[in-house]
Amino acid sequence: MRKLQRLTLAAILALGGTLSAHADGFRSVLVTLQDGSETQINLNDKMTTQFDDTFVIFSDGNALVKVLRTQFYRMTFSTELGIDNLKADGKADGFSLNGRALCFKGLKAGSNVEVFAADGRLISSTAAEGTYTLRLDGVPAGVYAVKVNGVSYLISLK
């Protein structure tokens, strides 16, 4: 298994910094961790991938997604954006929008909270658990998708 993981990381290294250039027709990268959890990262012209001794780091020029190398399982390209299955009612168990603060209750350990712009750009990606508040003070007014543990919700910031 370690050998397969090293080969996969070597292949990613070969693509490092050029994911969007080698992904014609694809719109995102799906990163799967050893525990089965997944993070979907939308591709753009500024997409880079870097490696250090501890992390695989994806950047779209605005936001970073860091994945522990020891937790990395695989990476696949997808034709889908990371904001699929949107729920426009804004009603979610344990989630509310209060002004420019996203408030979460009861997030399980290892939960991932992501905010996407309407064009699919990743604005924020944060690991959280329990009660958590994400401030969006510096984010311009507009429509955004919030993805929590694979379920996406549509919000409007004023």
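Biologist: Among contacts between residues at least 6 apart in sequence, what share joins residues at least 24 apart?
Modeller: That share is 57% in this chain, with contact meaning heavy atoms within 4.5 Å. Keep in mind that this is a predicted model, where local features need pLDDT of at least 70 and side-chain atom pairs count only at pLDDT 80 or more, while totals for chains, interfaces and linings use all residues. Residues are numbered from 1 along each chain as its sequence is written, and side-chain values use heavy atoms, with hydrogens and water left out.

Biologist: Okay, how many helices and strands are there?
Modeller: The chain has 1 helix and 12 strands, and along the sequence the pattern reads α-β-β-β-β-β-β-β-β-β-β-β-β. Helices (H or I, at least four residues) and strands (E, at least two) are DSSP runs, numbered from the N terminus.

Biologist: And how much of the chain is buried?
Modeller: Of its 158 residues, 41% count as buried. Buried means under 20% relative accessible area, exposed is over 50%, and partly exposed is in between (1.4 Å probe, protein chains only).

Biologist: Let's switch to charges. How many salt bridges turn up?
Modeller: The search of the whole structure gives 1 salt bridge. To count, a side-chain nitrogen of Lys or Arg must be within 4 Å of a carboxyl oxygen of Asp or Glu.

Biologist: Which residues make the bridge?
Modeller: The side chains of arginine 135 and aspartate 137 do, at 2.7 Å from N to O. Arginine 135 is partly exposed because its relative accessibility is 48%. Aspartate 137 is partly exposed too, again at 48%.

Biologist: What about glutamate 114, does it sit in a strand or a helix?
Modeller: Glutamate 114 is in strand E9, which covers residues 101–117. This glutamate is buried but has no salt bridge. The nearest side chain of opposite charge belongs to lysine 147, 4.7 Å away. For charge, Lys and Arg count as positive and Asp and Glu as negative, with His and the chain ends not counted.

Biologist: So which residues is glutamate 114 in contact with?
Modeller: Leaving aside neighbours within four places in sequence, glutamate 114 contacts Thr39, Gln40, Leu122, Ser124, Ser125, Ala145, Val146 and Lys147.

Biologist: New topic: how much space is in the largest pocket?
Modeller: About 660 Å³. A pocket here is an open set of points on a 1 Å grid over the protein atoms alone, where a 1.4 Å probe fits, with protein on both sides within 12 Å along at least five of seven lines; lining residues have an atom within 4 Å of a point.

Biologist: Which lining residues are closest to the centre of the largest pocket?
Modeller: Of the 25 residues that line the largest pocket, Leu33, Ser37, Thr39, Gly110 and Asn112 are the closest to its centre. Two or more lining residues come from each of strand E1 (28–33), strand E2 (38–42), strand E5 (64–68), E9 and strand E10 (122–135).

Biologist: Which element gives the most to that lining?
Modeller: E9 does, with 6 residues. By class, the lining of the largest pocket has 8 nonpolar, 11 polar and 6 charged residues.

Biologist: Back to E2. Is glutamate 38 buried, partly exposed or exposed?
Modeller: Glutamate 38, which is in strand E2, is partly exposed, with a relative accessible area of 46%. Beyond its neighbours within four places in sequence, glutamate 38 contacts Leu30, Val31 and Thr32.

Biologist: And which residues does arginine 74 touch?
Modeller: Not counting residues up to four places away in sequence, arginine 74 touches Leu30, Val31 and Thr32. Arginine 74 lies in strand E6 and is partly exposed, at 38% relative accessibility.

Biologist: What's phenylalanine 72 like, buried or exposed?
Modeller: Phenylalanine 72 counts as buried because its relative accessibility is 0%. This residue is in strand E6, residues 72–78.

Biologist: Last one: where is glutamate 129?
Modeller: Glutamate 129 is in strand E10, and at 53% relative accessibility it counts as exposed. Leaving out neighbours within four places in sequence, glutamate 129 is in contact with Leu107, Lys108, Ala109 and Gly110.

Conventions: Grid points are joined across faces, edges and corners, and a volume is the space filled by probe spheres set on the points. Ala, Val, Leu, Ile, Met, Phe, Trp, Tyr, Cys and Pro count as nonpolar, Asp, Glu, Lys and Arg as charged, and the others, Gly among them, as polar.
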